[in-house]
Structures are given as C-alpha cells and as structure tokens.
Amino acid sequence: MATPAAKRKPVFVKVDQLKPGTSGHTLTVKVVSSKPVKTVSNRGGRTSVLAAARPSRIAECLVGDETGTIVFTARNEQVELMKPGSTLTLRNAKIDMFKGSMRLAVDKWGRIEVAEPATFNVKEDNNLSLVEYELVNVVEE
C-alpha cells in the first residue's frame, strides 16, 4: 500500500501581502460586509436543466485582517458563509483581476472554513481592491 504524500503545513499570509495574478493563498479573514450582486439563471440565453434548477448566486464581500481589506467574490454556497462579523479561513484562494482591481476568490480547488472568532480588528483604511492596476506589456530587446 502506497503511503500518501505528506501534506504541507499551510503558510498563512496577510491581506497586505496579496499581489495581482497570484494564487494558493491561505488566510484567516473577518467578513466586514456582504452584498449580493446578481443571480444568474442561465448562460448566454440558453436554458439548461442544471442552470434552471440551481441559479448561480454571486456576492461581493469585503473581508480583511489587521493589515487591510480586499473584496472577496463569493459564489453559490459560499454566499451563506459570508456573514458580516464571521471569521473564515480561506484555503487555496486566488487573486482575480476585475476592471483593474484585485478580487479574492476561492474556486473549486479551494475551501472556505468557518474559524474561531478572530481577536484582531480589521484595518478598513487599507482596501487593496481600491488600488487600480494597469496591465503593462514589457518588451525585452
């Protein structure tokens, strides 16, 4: 019987360490606010049985820790976990770029877990999603 590969201990990062285009982050955050964005029932006008049975829900949530905040895009089941005041551990989170600003997301390869209530106060005056990034193509000569 083969022995399973040893799991690596997660390296927790702080919100202010997040950079555009990175992934694989594990962090503990507090939910500051959550607002539903939209419910999508089908894609591109085609109605499928699956889409009709389970509409896709999206909420934009402001999450953060003692170093700053960032907008987290919650999808479907994730929306219920995003209650203001709750503390969550985001595993294998990634940074998506949306209109030039960073958004934190957890896709099917990641996990959101409810954690013990955090003792830190969220630093709300350092919102990383308010920083606008510009894509610059570097031409090497």
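**Whole chain**

Begin with the contacts (heavy atoms within 4.5 Å): of those in the chain with a separation of 6 or more, 64% join residues 24 or more positions apart. This is a predicted model, in which local features need pLDDT of at least 70, side-chain atom pairs count only at pLDDT 80 or more, and totals for chains, interfaces and linings use all residues. Residues are numbered from 1 along each chain as its sequence is written, and side-chain values use heavy atoms, with hydrogens and water left out.

Next, colour by pLDDT, the predictor's confidence in each residue from 0 to 100. The chain average is 87, and 84% of the residues reach at least 70. Select residues 46-52: pLDDT stays under 50 there, and the model has five contacts beyond four places in sequence for this segment.

Switch to a cartoon view.

Of the 141 residues, 34% are buried, that is, under 20% relative accessible area with a 1.4 Å probe, protein chains only.

**The second largest pocket**

Select Arg8, Pro10, Thr26, Arg91 and Asn92, which are the closest to the centre of the second largest pocket among its 12 lining residues. Then highlight strand 1 (23-40) and strand 4 (87-98): each supplies at least two residues of this lining.

Key. Buried means under 20% relative accessible area, exposed over 50%, partly exposed in between (1.4 Å probe, protein chains only). On a 1 Å grid over the protein atoms alone, a cavity is a set of points where a 1.4 Å probe fits but cannot get out, and a pocket is an open set with protein on both sides within 12 Å along at least five of seven lines; lining residues have an atom within 4 Å of a point. Helices (H or I, at least four residues) and strands (E, at least two) are DSSP runs, numbered from the N terminus.
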